[in-house]
Amino acid sequence: MICNLCPRKCSAERTDEQNIKGICKMPLLPRVARATLHFWEEPCISGTNGSGTVFFSGCPLKCVFCQNFSLSKDGFGEIVSVERLAEIFWELEQKGAHNINLVTPTHYVHSIIKALEIYKPNIPIVYNSGGYDSVEALKALENYIDIYLLDLKYMSSERAKRYSLAYDYPTVSKNAILEAYRQKSTPVIENGIMKSGVIVRHLILPQGTNDAINVFNWVKDNLPNAYFSIMSQYVPCGNLEKYPEINRKITRREYEKVLNHICSTDFNNCYFQELSSSSKDYIPDFDLTGIKKI
């Protein structure tokens, strides 16, 4: 298959187990690094039982600060069949997961659809991506996804290019979010757990307060029924010697500047992280948990 699934449109040749000259470097069949209950998402996603989270390997973005770099850059994980992926969904459901949470699924849309056609769990399906998704791919997912949990990392094209090698990220991500919102504009929450809806996330970067405020303003103005999640968990990861301005955690002053702006508006559907969340303790161990058949 010649792949132009994601906004990179790199025309990579992808087979079930190989990827030739592609940006994501991943095959057609999903490579998975971890599949288990996860408790560090937003409260309406994790709940008390945990979110049945499937961490996929590879990524179309090239974020220099990625906290999951062993997956996104190094490609750690194990290839599974679509049949096995469907079984993983079932196993997580049996463990009591509130939902099936697909993390970094952009480049596996075809396989995910096939797996959900084999077995569609009786719990919500969460599409949890970096926001760099094509509108066409999201339209193909319309009958399969219940909750969109999408990043809006930047409103500045210059910052997007410097830190994620994607100058077009703001335009692409906003269009993707608008499509997700078209599909799921009315949130449904039962007993504190989201069943349907859109959550837009933004991770504040050092020296990124103006961008964060601009992201929030766009969400407030364009997605009145969406939820907004502002995150303080940034921890310097990878080799940031070339990016000294982000080679530190955000400061309390930076975080409070953004929070004060959000709180000055009448937008109420917000989640806020504690500043203490900026710790590597919250990065999962990617150890192939849940990949082997029980």
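Reader: Which residue stands opposite I2 in β2?

Author: In this predicted model, the residue opposite I2 is E13 of β2. In general, the strands of a sheet pair through backbone hydrogen bonds, in either a parallel or an antiparallel sense. Here β1 and β2, the latter covering residues 12–14, are paired antiparallel over two bridges.

Reader: What is the strand order of the open sheet of three strands?

Author: The order is β1-β2-β3, and the pairing is antiparallel. The edge strands are β1, at residues 2–3, and β3, at residues 19–20. Each of these two pairs on one side only.

Reader: How many disulfides does a search of the whole structure find?

Author: A disulfide is a covalent bond between the sulfur atoms of two cysteines. The search of this structure finds zero. Take C10: the closest cysteine sulfur belongs to C6 and is 6.0 Å away, so the two are too far apart for a bond. The cut-off for a disulfide is a sulfur pair within 2.5 Å. C237 is in no disulfide either, and the nearest cysteine sulfur to its own, that of C66, lies at 7.8 Å.

Reader: Is C237 buried or exposed?

Author: C237 has a relative accessible area of 4%, so it counts as buried. The limit for buried is under 20%. C10 has a relative accessibility of 31% and therefore counts as partly exposed.

Reader: Where does S72 lie, and which residues does S72 touch, not counting those up to four places away in sequence?

Author: S72 belongs to helix α2, which spans residues 69–72. Leaving out residues up to four places away in sequence, S72 has contacts with G58, C59 and C66. Its relative accessibility is 11%, which means that S72 counts as buried.

Reader: What is the volume of the largest pocket?

Author: The volume is about 1100 Å³. The lining consists of 44 residues, and those closest to the pocket centre are Q67, N68, R201, M231 and Q233.

Reader: Which elements give two or more residues to the lining of the largest pocket?

Author: They are helix α2 and the strands β5 (51–56), β8 (125–129), β11 (193–203), β12 (227–231) and β13 (270–272).

Reader: How do the residues of that lining divide into nonpolar, polar and charged?

Author: The lining of the largest pocket has 21 nonpolar residues, 15 polar ones and eight charged ones.

Key. Residues are numbered from 1 along each chain as its sequence is written. This is a predicted model: local features need pLDDT of at least 70, side-chain atom pairs count only at pLDDT 80 or more; totals for chains, interfaces and linings use all residues. Side-chain values use heavy atoms; hydrogens and water are left out. Two strands pair if DSSP finds at least two bridges between them. Helices (H or I, at least four residues) and strands (E, at least two) are DSSP runs, numbered from the N terminus. Buried means under 20% relative accessible area, exposed over 50%, partly exposed in between (1.4 Å probe, protein chains only). Contact means heavy atoms within 4.5 Å. On a 1 Å grid over the protein atoms alone, a cavity is a set of points where a 1.4 Å probe fits but cannot get out, and a pocket is an open set with protein on both sides within 12 Å along at least five of seven lines; lining residues have an atom within 4 Å of a point. Grid points are joined across faces, edges and corners, and a volume is the space filled by probe spheres set on the points. Ala, Val, Leu, Ile, Met, Phe, Trp, Tyr, Cys and Pro count as nonpolar, Asp, Glu, Lys and Arg as charged, and the others, Gly among them, as polar.
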